[in-house]
Amino acid sequence: MRLELTRRYSFAASHRLHSPLLSPAENQRIYGKCNNPYGHGHNYVAEVTLTGPLDPATGMIAHLGDLDRFVAREVLEPLDHRNLNEDLPVFRDRVPTTENLCIEIFERLKKFPGARLVRIRLEETGRNSFEYAGEPGGSQT
Amino acid sequence: MVYLTRKIEFSAAHRYHNPDFSAEENRRIFGKCNYPNGHGHNYVLEVTVGGETDPATGMVLDLKELKELLEREVMDRMDHRSLNHEVAELAGRIPTCENVAAVIWELLAPKIRRGQLARVRLWESPDLYVDCYGDGGRA
């Protein structure tokens, strides 16, 4: 019986999409409003999906308290109410698109010891979402 | 292959408690879910059936048939019930979202007459759901 457990977490953060590889005019043309100089923000929702055998003693894939603490430490505390461009070293040289943020959250959570991370689905707004399940052949896929 | 999904809601009580653990271990592991008199949720169940459309009707499976199946197998059995005390299929299992989703899969899979059950998604709250795929892949 294949089971996956998904937990949803919310956080708010600001970002600005600007690539140093592009000219100011190209940045403006490609990123539009997202390139405005002082940035803007979103209420993100991250769906974290895990799988693994049910622990016969608890009937659970993963202990939710353990998962909540791990996600709080690895993702919510470093990201919530932060500026992604300024406050996260990984985005010093990488554009903080929600694609890249989705990959970053996957990388942070794949070390969760209680179960296997299947994928991250990240909602930037109620109308845009992105999913990342690791690279084919990677240890987590 | 086309997939159709029907959504229903039911309300039920449960409590997490493993008789092999001490009272203290139960409290430590299950937290509030171990409070002695139980608690409940408004569960939302999404049932997805996959199959080819019948050329005569344009349907994978008659929605009315699926609706009646869910009424009989899930609503009559679980709605406004205690999952610990009143659902025979859960006897001896802790009624976690994982186990309830697996039981719903086992109840429905053999009774889908056209197409096949592809996924059972059970929401315990707006922040938590479990997907069951039986022994198959992702829908």
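**Close-up views of a predicted model**

View 1. Apart from neighbours within four places in sequence, A:Glu74 contacts A:Arg108 and A:Leu109. A:Glu74 belongs to helix H2 of chain A, which covers residues 64-79. The relative accessible area of A:Glu74 is 18%. Buried means under 20%, so A:Glu74 counts as buried.

**View 2. Chain A as a whole.** Chain A holds four helices and five strands. Read from the N terminus, the order of these elements is β-α-β-α-β-α-α-β-β. The C-alpha trace of chain A spans about 60 × 30 × 30 Å along its principal axes. Chain A has 141 residues, and 47% of them are buried. Among the contacts in chain A with a separation of 6 or more, 68% are between residues 24 or more positions apart. The accessible surface of chain A is about 7400 Å². Carbon and sulfur atoms account for 52% of that surface.

**View 3. Helices H2 and H3 of chain B.** Two packed helices are described by the angle between their axes and the distance between the axes. Here the helices are H2(B), residues 63-78, and H3(B), residues 97-108. Their axes come within 10 Å and cross at roughly 140 degrees. H2(B) and H3(B) are therefore oblique to each other, and the crossing of H2(B) past H3(B) is right-handed.

**View 4. Residues in the contact between H2(B) and H3(B).** The crossing of H2(B) past H3(B) is the right-handed one. On the H2(B) side, the contact is made by B:Leu69, B:Leu70, B:Glu73, B:Val74, B:Arg77 and B:Met78. On the H3(B) side, the residues are B:Val100, B:Val103, B:Ile104, B:Leu107 and B:Leu108. Sorted by class, the contact has nine nonpolar residues, two charged residues and no polar residues.

**View 5. Surroundings of B:Ala102.** B:Ala102 lies in helix H3 of chain B. With a relative accessibility of 4%, B:Ala102 counts as buried. Leaving out residues up to four places away in sequence, B:Ala102 touches A:Met1 and A:Leu3 of chain A, along with B:Arg93 and B:Cys132 of chain B. B:Val130 is 28 residues from B:Ala102 along the chain, and the C-alpha atoms of the two are separated by 9.3 Å.

Note on methods: Residues numbered from 1 in each chain as written. Chains lettered and ligands numbered in written order. Predicted model: local features only at pLDDT ≥ 70, side-chain atom pairs only at ≥ 80, totals over all residues. Heavy atoms only, no water. Axes fitted to C-alpha atoms, helices over the stretch in contact; angles between N-to-C directions. Helix = DSSP H or I, 4+ residues; strand = E, 2+ residues; numbered from the N terminus. Parallel < 35°, antiparallel > 145°, perpendicular 65-115°, else oblique. Left-handed = near helix turned anticlockwise from the far one by under 90°. Contact = heavy atoms within 4.5 Å. Nonpolar A, V, L, I, M, F, W, Y, C, P; charged D, E, K, R; others polar. Buried < 20%, exposed > 50% of the residue type's maximum accessible area, 1.4 Å probe, protein only. Areas by Shrake-Rupley, 256 points an atom, 1.4 Å probe, with all protein chains shown as cover.
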